Amino acid sequence: MTGAIRSREPFNARVRAALANTVLQGALRKFKTNFVVLRANAVRDLPEFDAIRSHARAMKDHTLAHIDLYIDAYEQKVRDSGGHVHFAPDAAAARALILGICRRHGARTVTKGKSMVSEEIGLGAWLEQHGIESVETDLGEYIIQLRGETPSHIVAPAIHVTKDQIADDFLRAHETYPPSRDLSEPRTLLAEAREVLREKFVTADVGITGANFLIAETGSSLIVTNEGNGDLTQTLPRVHIVVASFEKIVPTLNDAMQLVRLLPRSANGQEMTVYTSISTGPRREGDPDGPDEYHVVLLDNGRSGMLATDFREALRCIRCGACMNHCPVYQAVGGHAYDAVVILAEAIKRGGADREKVRDAIETITNFPGTGGIFNFSPADHNGLDIDSFEMLTVKDGKFVPYKK
Ligand code: SF4
């Protein structure tokens, strides 16, 4: 698969290409008028929005300050409900754990709910490389998987793709359907995607989802979707694997529900997503459905290092995407033109004034497939480093290399 992030061009070239892309510019205009306005309306209609947000910030700060306690409590509750918790210090460990579970069950097909952590660790491509078909089931994720791309937005991953492009992708990918069929209407595209994905849902051996929140009080994982694909992914296969980073843990179900009041409103102005689904362990006796096994892969991947830095507050993020929606740079060039600037800042924090340590930190933080990017060193951030030799750096295919214009 080739993708927008896997074949990086210099930042300036990507910006120029994005500005000249009329399809993308049309999508971004709609984005600006729709999501920003809808969020403002939703906030206006919930007078206690700011109070809930203040509570959420305090709750996340409290949880992060006592994260060891909450990880232990969460792990115990998952075990009590018959599930398994696996700790993954980095992306490679998470991929290996998930592949091991899939192989133990002889999995040939895996369905995936939308998960930014699985994008972070390059999970889909990794499973495919190891002979396991990995099918994205969120419609936007499914479309970009067919196109061999990465998401351009954390909430609306295929925002950059038009209806006509999707029709072309379906004509190319769904080979058993008549080539002369009419795919000019969104409704027909949707019906075809639904039919193709239903077949995958019922034949999948393993279902992998992310988690919007992990609840220490009950050992549950909670996901929100608008398509119901999360429910089908986590209830139909024999095995359900949740892959999520540890900062998704919140103390109580009530805390999770407060965040659910903020998340869709902030994302796209919805009061609630269509589905809010909570999973607690495997199927119990008498349950009509559910997996035989329930696993949680809890990812660190540099986050525990962030806890001791000024970047700790980034771990409060609930992935609503509102900052992208309001960002003037995103509104101009979309999500494929730029990426992980934060990684460099974190590497500087870890490495201080030691050039080799910064280099090592960049390699550690970015040591997963599909990572790429160009990082700007701002003089204000350089911590005494010799910035002339570090001004522009590139991480390509998981390796740090100097960037040359
Ligand atoms: S950082 Fe962005 S995505 Fe995260 S909670 Fe804030 S607005 Fe939402």
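**Burial, pairing and confidence in a predicted model**

Modeller: The protein has 17 helices and 13 strands. The model is predicted. Of the 405 residues, 39% count as buried.

Biologist: What is the mean pLDDT of the protein?

Modeller: The mean is 84, and 80% of the residues reach 70 or more. pLDDT is the predictor's confidence in each residue, from 0 to 100.

Biologist: Over which residues does pLDDT stay under 50?

Modeller: One such stretch is residues 1–7, for which the model has 16 contacts beyond four places in sequence. Another is residues 367–395, with 64 contacts beyond four places in sequence.

Biologist: What share of the contacts with a separation of 6 or more comes from residues 24 or more positions apart?

Modeller: Such pairs account for 75% of those contacts in the protein. For a pair to count as a contact, the C-beta atoms, placed from the backbone, must lie within 7 Å.

Biologist: What joins strand 10 to strand 7?

Modeller: Strand 7 (residues 239–245) runs parallel to strand 10, and 7 bridges join the two. Ser-245 stands opposite Leu-299 of strand 10.

Biologist: Why is strand 10 described as mostly covered?

Modeller: A residue is buried if 20 or more other C-beta atoms lie within 10 Å of its own. In strand 10 (residues 293–299), 6 of the 7 residues are buried, and the strand is mostly covered.

Biologist: Which residues of strand 4 point each way, and are they buried or exposed?

Modeller: Val-206 and Ile-208 point one way from strand 4 (residues 206–209), Gly-207 and Thr-209 point the other way, and all are buried. Strand 4 pairs with strand 2 (residues 109–112) in the parallel sense over 3 bridges, and Val-110 has Val-206 as its bridge partner. Strand 4 also runs parallel to strand 7, with 4 bridges; there Gly-207 has His-240 as its bridge partner.

Biologist: What makes strand 8 and strand 9 the edges of the other sheet?

Modeller: That sheet is open, with 4 strands in the order 8-5-6-9 and mixed pairing. Strand 8 (249–250) and strand 9 (275–279) each pair on one side only. Strand 5 (residues 213–215) runs parallel to strand 8, joined by 2 bridges. At least two bridges are needed for a pair, so these two strands qualify. Leu-214 stands opposite Ile-249 in strand 8.

Biologist: Why is helix 8 called largely enclosed?

Modeller: In helix 8 (residues 139–147), 7 of the 9 residues are buried, so the rest of the structure largely encloses the helix. Among the buried residues are Tyr-142, Ile-143 and Arg-147. The buried residues of helix 8 pack against helix 7 (123–129), strand 3, helix 9 (163–173) and helix 10 (186–203).

Biologist: Why is Gly-148 called partly exposed?

Modeller: Gly-148 has 14 other C-beta atoms within 10 Å. The cut-offs are 20 or more for buried and 12 or fewer for exposed, so Gly-148 falls in between. Gly-148 follows helix 8 and has a positive phi, near 70 degrees; its place is in the loop between helix 8 and helix 9. Gly-148 and Ala-125 are 23 residues apart in sequence and 9.9 Å apart in space, C-alpha to C-alpha.

Biologist: Which residues are around the ligand?

Modeller: They are Ser-266, Cys-317, Ile-318, Arg-319, Cys-320, Gly-321, Ala-322 and Cys-323.

Biologist: How many of that shell are nonpolar, polar and charged?

Modeller: The shell divides into 5 nonpolar, 2 polar and 1 charged. Cys, Ile and Ala count as nonpolar, Arg as charged, and Gly as polar.

Conventions: Residues are numbered from 1 along each chain as its sequence is written. This is a predicted model: local features need pLDDT of at least 70, side-chain atom pairs count only at pLDDT 80 or more; totals for chains, interfaces and linings use all residues. A residue is near a molecule or strand if its C-beta atom, placed from the backbone, lies within 6 Å of it. Two residues are in contact if their C-beta atoms, placed from the backbone, lie within 7 Å.
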